[in-house]
Amino acid sequence: MNPFARRFPELYRAALTECPRGRLALGAGTSLALGMCFWTAAGWAQDPARLLFQYSFWTQVAAFVIYGAIRTSASIADEREAKTWDLQRLTPLTSGDIAGGKLLGAPLYGAFLAALMLPFALIAGLQSPAILVELPFIYLQFFATAFLALSLGLLASAYSDLSRGGSATTSGAMIGLGCLYTLAPSMAKPGAAAFVYCAIDVPYALWMPAATAGFGAWAFAAAKWRVGRDLLEPSRFWRFPAFVLYLILFVLGFEKSSAYYALILPAAATLTAALAEPTTPEAWRRWLASTEPLEKLDRTPAWISGVAVCLAAAVVVSFVPATAGLDTARRVPLLLALFLIRDTAFIQCCRFTNSRRPQILALVFLGLAYILPAIVLATAKASSLMYLFMPLPEKGAAAAVNLLPALAWALVSLAALAYVSGRSTSTSK
Amino acid sequence: MPDIIFTKALRREYASTPAVEGMDLAIGEGSVAALVGPNGAGKTTFLKMIAALLEPTSGFARVAGHDVRESPRGVHAAVGYLPDFFGLYEELTARQCLRYFHLAYRLPEPADRRIEEVLELVNLRDAADKPIESLSRGMRQRLGLARTLLHDPKLLLLDEPASGLDPGARRELQELLRRLASTGKTIVVSSHILTELEDYCSHVVMLDRGRLVFSGTVAEARARAGGGRRLRIRVLGPVEAARAALAGDPAVSEAAPAPDGWAFRFSGDDESAARLLRSLIEKGVKISSFADDSGSISDGYMKMMPREGA
């Protein structure tokens, strides 16, 4: 037995289900025919090597990145729907074994098709020195993008209960196509000049695949964490804050990035975490009831730890270095953090209601909380009051006046959460 | 007999509604326990908590020496759990499916011998190379059971294994469970078909609305049903002669007419019952049948379960 399959049993199953002999023969025949067609068609072009390379490369992308993302998007959802997931949960496989097995096993057929097209791309490379020079970067970026797409597909699947009605296929295809946006521009400029990142000159050909693979690794880690939760593996409090911190540092690393807007991406991630994973009333009660400090820390809802990191970062960015006044730009991180507290606490409040879809309920109300004041104030030509309802710096207002409404919103939301949480705890006793 | 399952104040709730609560239960190693109760009694929730697939809301549960909360993976290694509704990898053959789980359970190679053993045990050798999608429901159930047996667990948790099976398949499953029980495995089996459990179960656990109603041996359950041991005789000829013969035995009371004979409460042991039979024959009563008439598990169940609205 192949040592890979021993390590990831999912590979053994995928080899049998994804790649039966008939399908392999059909795929091989089709790929060969397609490759020959490309070769013939490219022969009529002005630059045959370039055209042959592009045809075969983008076929590889379609097979591995898009089809692969579709397969990983369905991988866990399919198991939940077919009721085989519990059987996997009972084996000694860890979350890493399962997630790794799905990541490698689900796109197996796509990888096979992509491998069949590789000779055509290499032939094109051998015909053109210009292509040959670009090949290492292009394939480095190809694999990084594939890793990102497959990991995102796996992440979507880990959070999905059903694959019925083509939802997994649709989300997989969208993820695959979305990832092409990271691949396509970088293909156009493999030889682009180095740029400054974290005060270091980084070659573009190195930075781009590294950044893409970095986000792929985070997506894989998140999928693994979600699988681990199903396996009742202990959660660790630092995981989500580490991601939020990574996002902050990632944004700050760009030479021209403004420190004051470094919180937008982490705040969006925290809000997404709150929406994707609002703590159930039961888990909330268990978190409050835990007496062991480390256990309490590990049970802390992800959105709370995300908010804590954002708030800490906001304080650092706004007050360091300390100056006499808090100019409008430096208020932005604090405003964002306070509105983030308001919104995430409200989402958690909704989780305590009897709504069947508390996240949608929260999303609708939050949407209204931003859109309604914007419409009303714009109509009343009172845009200067917009800061009362949105995380916007107001030039004409003093820092305290600008921050006070955001603080009030945050406090009201937290008080509401404390109230519903207390009521829920007392009802369950 | 050490306890393989021990729970204390075990509770699980869904959206503040308790599915299982205040469950204090001990099941000894080697016992075959029938888990019975109406729909919604909490049987599946209880089994899932014991299988460490569902975290208890509160309380404590130890299974095969592992705390379900602290060491769920330890529990998984010791337990073979067959859910009430489970899927199988339809595109694989039964043998490939078992090979996959052999790898997943990290069992030592070579796998073939162990796979043959379990296929033999569940009587599925002939269908081993057929695609799972072509197997009958009974065969699928046996394949599911083969999967639970693959890593040779100490404890088997079977949730409604006979549900949806035809009488023939049910009989085969019953035979299989009897064979497994004889190998010394602890088995907890939930079912609605109580009469089928009587033959091979040593213990009964009754649940109702998430609470434990009764836990004890089958004999204790029967005794509760009948309010003590009851015997029943059938005689040839006049039944009054038998009545007079019975009246002489101090262990006999509450004799009541039954078709072609009498049913009565009997306070003696098996030795006294044998003596009673001998004395009846010596007194010239023509006995055609002498049998235990104590209540069944079903009777115990009906007697102990709170009535709707009570």
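A: Gladly; a chain contact is read by asking how many residues each side gives, and in this predicted model chain A places 24 residues in contact with 29 residues of chain B.

Q: Which elements give two or more residues to the side of chain A that touches chain B?

A: The elements of chain A that do so are helix 1 (3–7), helix 2 (9–17), helix 5 (85–89), helix 13 (281–289) and helix 18 (399–428), and helix 2 of chain A supplies the largest share, with 5 residues.

Q: How do the residues of the side of chain A that touches chain B divide by class?

A: That side of chain A divides into 12 nonpolar, 6 polar and 6 charged residues.

Q: How should I read a helix pair, for instance helix 15 and helix 16 of chain A?

A: One takes the angle and the axis separation, then the handedness, and then the residues that meet. Helix 15 (residues 302–319) and helix 16 (residues 328–351) of chain A pack at an angle of about 165 degrees, with their axes 8 Å apart; because angles over 145 degrees count as roughly antiparallel, helix 15 of chain A is roughly antiparallel to helix 16 of chain A. Their crossing is left-handed, and the residues of the contact divide into 13 nonpolar, 2 polar and 2 charged. Among those of helix 15 are W303(A), V307(A) and C310(A), while those of helix 16 include R330(A), R331(A) and P333(A).

Q: At what angle do helix 3 and helix 7 of chain A pack?

A: Helix 3 (residues 21–43) and helix 7 (residues 108–127) of chain A pack at an angle of about 35 degrees, with their axes 9 Å apart, and helix 3 of chain A passes helix 7 of chain A in a right-handed crossing. Helix 3 contributes residues including G27(A), A28(A), S31(A) and G35(A), and helix 7 contributes residues including F112(A), L116(A) and F120(A). By class, this contact of helix 3 with helix 7 of chain A has 10 nonpolar, 3 polar and 1 charged residues.

How values were computed:
Residues are numbered from 1 along each chain as its sequence is written. Chains are lettered from A and ligands numbered from 1 in the order in which they are written. This is a predicted model: local features need pLDDT of at least 70, side-chain atom pairs count only at pLDDT 80 or more; totals for chains, interfaces and linings use all residues. Axes are lines fitted to C-alpha atoms, for helices over the stretch in contact, and angles run from 0 to 180 degrees between N-to-C directions. Helices (H or I, at least four residues) and strands (E, at least two) are DSSP runs, numbered from the N terminus. A crossing is left-handed if the near helix is turned anticlockwise from the far one by less than a right angle, and right-handed if clockwise. Two residues are in contact if their C-beta atoms, placed from the backbone, lie within 7 Å. Ala, Val, Leu, Ile, Met, Phe, Trp, Tyr, Cys and Pro count as nonpolar, Asp, Glu, Lys and Arg as charged, and the others, Gly among them, as polar. Angles under 35 degrees count as roughly parallel, over 145 as roughly antiparallel, 65 to 115 as roughly perpendicular and the rest as oblique.
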